[in-house]
Amino acid sequence: MSLGDYLLYTGLFLAILATQLGTRRPDARRLLLPVGIVAGVGFKYLKDIPSGATAHLIEAAGLAVGLLFGLASIALIQVRRDPADSRLVTVAGWPYAALWTAAMVLRLGFAYGSTHWFTHALATFSTRHQVPAATYGTAFVLMVLAMITVRTVGVLIRARLVGATVDLGALRIARRVAR
């Protein structure tokens, strides 16, 4: 990855996290925006998913880790209904931020390490097991997409369970589906 890639991913991470920390009254757009951003970035990597048994195992591992981080993030975010207007309120603190930061540091650490610390070992493993280089990026995109999607769906499910409403006013498509 280039310095520009590290800066882009760090900037996106900070922007997404800044919209989730603290007490928020998210509408549908705010909830779905992170999924859209990651899907847009992921589109670049998910056009041609590398094939091969080991490649698919690595991709599945990325997806599984994303699911686990997503479930953990749901446990670390409070979801409640504002008694005044029944709208959704989320509260996310430093443990939530720490979890997301750990996930990002692991991804960026692997990316950096693959070109600076364990390049030879990774190349040897990849060659021995016929793993295309793009597999690792695909696994991380799947991880982030799963993490954000699980968190978003979890918040929406928990909102429904507590009787909170989510403002769909900004999303015409969502309003049509909700009818």
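Me: What does the accessible surface of the protein chain come to?

Reply: First, a word on the source: this is a predicted model, where local features need pLDDT of at least 70 and side-chain atom pairs count only at pLDDT 80 or more, while totals for chains, interfaces and linings use all residues. Residues are numbered from 1 along each chain as its sequence is written, and side-chain values use heavy atoms, with hydrogens and water left out. Accessible areas come from the Shrake-Rupley method with a 1.4 Å probe, and for residues only the protein chains shown count as cover. Carbon and sulfur atoms hold 68% of the chain's accessible surface, whose total is about 10200 Å².

Me: In what order do the elements of the protein chain run from the N terminus on?

Reply: Helices (H or I, at least four residues) and strands (E, at least two) are DSSP runs, numbered from the N terminus. The chain has seven helices and three strands. Read from the N terminus on, these elements give α-β-α-α-β-β-α-α-α-α.

Me: Is Ser73 buried or exposed?

Reply: Ser73 sits in helix H3, which covers residues 53-75. A residue is buried under 20% relative accessible area, exposed over 50% and partly exposed in between (1.4 Å probe, protein chains only). Because the relative accessibility of Ser73 is 0%, this residue counts as buried.

Me: Which residues is Ser73 in contact with, leaving aside its neighbours within four places in sequence?

Reply: Contact means heavy atoms within 4.5 Å. The cover over the buried residues of H3, which include Ser73, comes in part from strand S2 (77-81), helix H4 (94-116), helix H5 (119-128) and helix H6 (134-161). With those sequence neighbours set aside, the contacts of Ser73 are Tyr96, Leu99, Trp100 and Arg151.

Me: In which sense do S2 and strand S3 pair?

Reply: Two strands pair if DSSP finds at least two bridges between them. S2 and S3 (residues 88-92) have five bridges; among the bridge partners are Arg80 with Val89 and Gln78 with Val91. The hairpin has six residues between the strands, and Ser86 takes a positive phi near 65°. The sense in which S2 and S3 pair is antiparallel.

Me: How many residues of S3 are buried?

Reply: Leu88, Thr90 and Ala92 point one way from S3, Val89 and Val91 point the other way, and all are buried. S3 also pairs in the antiparallel sense with strand S1 (residues 22-24) over three bridges, where Gly22 has Ala92 as its partner. The number of buried residues in S3 is five of five.

Me: Are the planes of Phe110 and Tyr136 stacked, edge-to-face or tilted?

Reply: Rings of Phe, Tyr and Trp (its six-membered ring) pair if their centres lie within 6.5 Å; planes under 30 degrees apart count as stacked, over 60 as edge-to-face and the rest as tilted. The structure holds five aromatic pairs. For Phe110 and Tyr136, the ring centres are 5.7 Å apart and the planes are at 40°, so the pair is tilted.

Me: How many residues apart are Phe110 and Tyr136?

Reply: Phe110 lies in helix H4 and Tyr136 in helix H6, so to speak distant parts of the chain, linked by the pair. Ring pairs also join both to Phe118 and Phe140 in a cluster.
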